[in-house]
Amino acid sequence: MKKISMFVVSCLLIVVFTGCTSASGEGGTDNQITNSHTEQPGASTQATQPAAMPSPDPNKQSTLVFSMYKRDSYFETAAKAYEKEHPNTKINVKYIVKNTSEDISRAKQEKFKSTMIADFLNGKGPDLVVMDALPADKYVAKGLLANVGDMLKGDPSFKKENYYMNILDSLQTSEGGLYMLPLSFSLHTLTGDQQLLEQSGVHFNDQSWTWTEFLDTIQQLTAKRDDRYGFMAFDENNLLLNMARTDYNRLVDAVNRTAHFDSDLFLGMLEQIKQMKGQTVLYYGKELKQTEGSKGFPIYFGEDELLTPYQYFQYAANMQNSKEHSLVFYEKPKAEGQQPGGYFEPYLKIAIHAKSSLQPEAWDFLKFLMSGQASAAAAWGANDLTYEGQGFNGTFPISKSLYTAKTDNMVQAGPLQMLEGGPVKITEQDLKKLDSLVTSANKPIFDGEILQIMAKESPAYFHGQKSAQEVAKIIQNKVTTYLNE
Amino acid sequence: MNRSWVRRWLRKDGIAAIPFLAPSLAGFCLFFAVPLVMSVYYSFFDQVTDGTFVGLDNYRELLESSSFRKAAGNTLLFTGVGVPLLILLSLGLALLFNRQLWLKNAMKTAVVLPLVVPIASIVMITQIFIDWNGVLNAWLHRLDLPRVDWLNSDGALMIILLIYVWKNIGYNMILFLAGLQTIPHSYYETARIEGAGSLRQFWGITVVYLTPTLFFVILISLVNSFKVFRETYMLAGAYPYDRLYMIQHYMNNMFFSLDIQKLSAAAIFMAGFIVILMSGLLKIEHRFLENIS
């Protein structure tokens, strides 16, 4: 008898100890016990009904919980403005860090991730959440996010013509659902010296080119003038990420759970990037080969992420200052046969909890956030060019009307004071160019575990530590593990 | 009649033990029993809230996942190699320290010291040691051998084994030393008088009387072999090289994929395996002790 009880106790002891190693997982399940009975029945059915989101009851007292990893001052001003308009609704804005510099080790971000998982799984998650720091596809796959696309379509007070629907439409899943609404976005483009390119006589079509075609083009360009570089990229890894994104479907077969990182396609990418380094492609922060013959800007193409409209106006100002070189924005290479249109990266992606009992209220507030009413007073300015520094107020808003209002304000205020050089007048033509960039963007930049694995392993090849085959093998190995979990 | 039964029962020792057991029983229920039951429950449903019963679907999916099979295989391999290795080495050390030795106490302290070193420091030191530009590769380079990316090679398992043995050898050694000290000297003296050699003494006396300790050490080593995940995770992240991908990696990644069902199924699978392993071990011990007496 004693033996048996000893045995049971020791077995339990072992499981307890080993359970500690996956403490986060067990903790999650632990919480679910207490809360699984308290959530409201029928709340989830609201999400599945398209075109019938009831308007919020104005007499009901409600508190919306709005969680995010990083604070954005816009959310606080917007929440105050909304509470003023709707005295019965309180908005509880919860954030983890004021600035990402508070969390260099990313420990707080990891904590945020696990808290959100535990909260969402036991049905106690926030009503609204900013998904930027969270793996959104996993939440969508588990049915934890409401289809905001349906809410948007079913709401007659949502005026589509006031928003950049090209952005929203391209964020739909393959089944046509839209689970996050981005409040702002950035534009990923190529910049090129139009005059130089025309003089060179090399022909290209940036509406349809693939990375191979683009790299061929810059090789032709540099073959003609060896005192110029073809392309200035951020760095090797980023170039590889760009190329892998466009060929993602040929590298990863999610349905059959196979990866093709050991294929000639991927090896070719690695080798091409290394071979071009220093010859035709240059990276930021490296020295230029300025020979006597070249003058000014010795590079044909560059790449850029326009995070704020102000960044564009800076370009426009530079163009006006230098008469010889005319900077033009080109589309980044895409997969073969893809529709023309530029790349964009959504920011401040907001989702509504599928099990929230306050979905009508949450949608109404989200609509208010998207309209950007609370941001109209904040001007675009030279304070800080980064997304990090300005937050929503400085970036490209999803609301077309807010964008127009802000640009009008800016143009009316007279010439723009630049960081360097004198004030520059923004012309109608400048604005039109930017407009066409924004309205033609239709390819979201995506990220994910697979691309992160790739980006973590490939520098070993670019720094000459390992061969392309070795690096490809390790990536293939890890991605296969990921796909087959 | 009924009353006297209650009175008799109240007067017994068992009832007096309950208040003393209550705190640990409560902790046991809160942190172990209830979560375990819930995990079993989740492993048969397709969703955490409002789920429907899916029978063994989660387990089938689990076994179909080649990554899970890989993780289970790696964990088995690590435990299968690590535990015997650790026990042999710690037993050897314990036998060494059980006799008079020069600087015995200093050396004992040195062996036990890793027990109190925080994991973060262990990971950092290991990183410095095995990095591409680390100490180990510098030595290889000096010997004109090619450098090795240790964490991305089959040698990665060796590194983790090394950490495991180094970290746990001291504790096991103390347990063995305590076991050795309980064996009366008179047994050895008698054996010597009877003319037994040192090897005969080792098998006939030391091993036999150390067996209860040995089983306890095996148990503790098993537990600790599952705990080495922390070091592995901090060294190599959520998706390490093939050889290092343990069952806890799988469970951890399932949590971050919000897949509590597969996570629970994997946990139950592992718990079941351990229960079977332990019952086997204890049966052997039981039989062994019966044989002795």
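Residues are numbered from 1 along each chain as its sequence is written, while chains are lettered from A and ligands numbered from 1 in the order in which they are written. Since the model is predicted, local features need pLDDT of at least 70 and side-chain atom pairs count only at pLDDT 80 or more, whereas totals for chains, interfaces and linings use all residues.

The pLDDT is the predictor's confidence in each residue, from 0 to 100. Chain A averages a pLDDT of 81, and 82% of its residues score at least 70. Elements are counted here as DSSP runs numbered from the N terminus, with helices (H or I) of at least four residues and strands (E) of at least two. Two residues are in contact if their C-beta atoms, placed from the backbone, lie within 7 Å. Residues 291–296 of chain A also have a pLDDT below 50, with six contacts in the model beyond near neighbours in sequence.

Next comes the strand pairing in chain A, where two strands pair if DSSP finds at least two bridges between them. Strand 1 (residues 62–70) of chain A is mostly covered, with seven of its nine residues buried. A residue is buried if 20 or more other C-beta atoms lie within 10 Å of its own, exposed if 12 or fewer, and partly exposed in between, with C-beta atoms placed from the backbone. Strand 1 of chain A pairs in the parallel sense with strand 2 (residues 89–97) of chain A over eight bridges, and A:Thr63 stands opposite A:Lys90 in strand 2 of chain A. Together with helix 4 (residues 73–85) of chain A, strands 1 and 2 of chain A make a right-handed β-α-β unit; right-handed describes a path that, with the strands pointing away from the viewer, runs clockwise from the first strand over the helix to the second. Within helix 4 of chain A sits A:Lys80, which counts as exposed because it has 12 C-beta neighbours inside 10 Å.

Strand 1 of chain A also runs parallel to strand 3 of chain A, joined to it by two bridges, and A:Ser67 has A:Val129 as its bridge partner in strand 3 of chain A. Strand 3 of chain A is in turn joined by three bridges to strand 11 of chain A, and these two run antiparallel. Here A:Leu128 stands opposite A:Ile352. In strand 11 (residues 343–352) of chain A, eight of the 10 residues are buried. Strand 4 (residues 181–193) of chain A runs antiparallel to strand 11 of chain A over seven bridges, with A:His188 opposite A:Tyr343. Strand 13 (residues 443–444) of chain A pairs with strand 11 of chain A in the parallel sense over two bridges.

Chain B has 13 helices and zero strands. Its radius of gyration, taken over C-alpha atoms, is 24 Å, well over the 19 Å that the globule rule (2.2 Å times the number of residues to the power 0.38) gives for 293 residues, so chain B is more spread out than a compact globule. The C-alpha trace of chain B spans about 75 × 70 × 30 Å along its principal axes. Of the 293 residues in chain B, 29% are buried.

A nonpolar core is a set of buried Ala, Val, Leu, Ile, Met, Phe, Trp, Tyr and Cys residues joined through C-beta atoms within 7 Å. The largest has 122 residues, and those touching the most other members are A:Leu128, A:Ile350, A:Ala351, A:Ile352, A:Leu366 and B:Ala266. Helix 8 (residues 156–181) of chain B gives the most to this core, with eight residues. Another core, of 43 residues, lies apart from it and includes A:Met232 and A:Tyr482.

B:Leu258 has a positive phi of about 60° although it is not a glycine, and it is buried because 21 other C-beta atoms lie within 10 Å. A:Arg257, likewise not a glycine, has a positive phi of about 55°, but A:Arg257 is partly exposed, with 15 other C-beta atoms within 10 Å.
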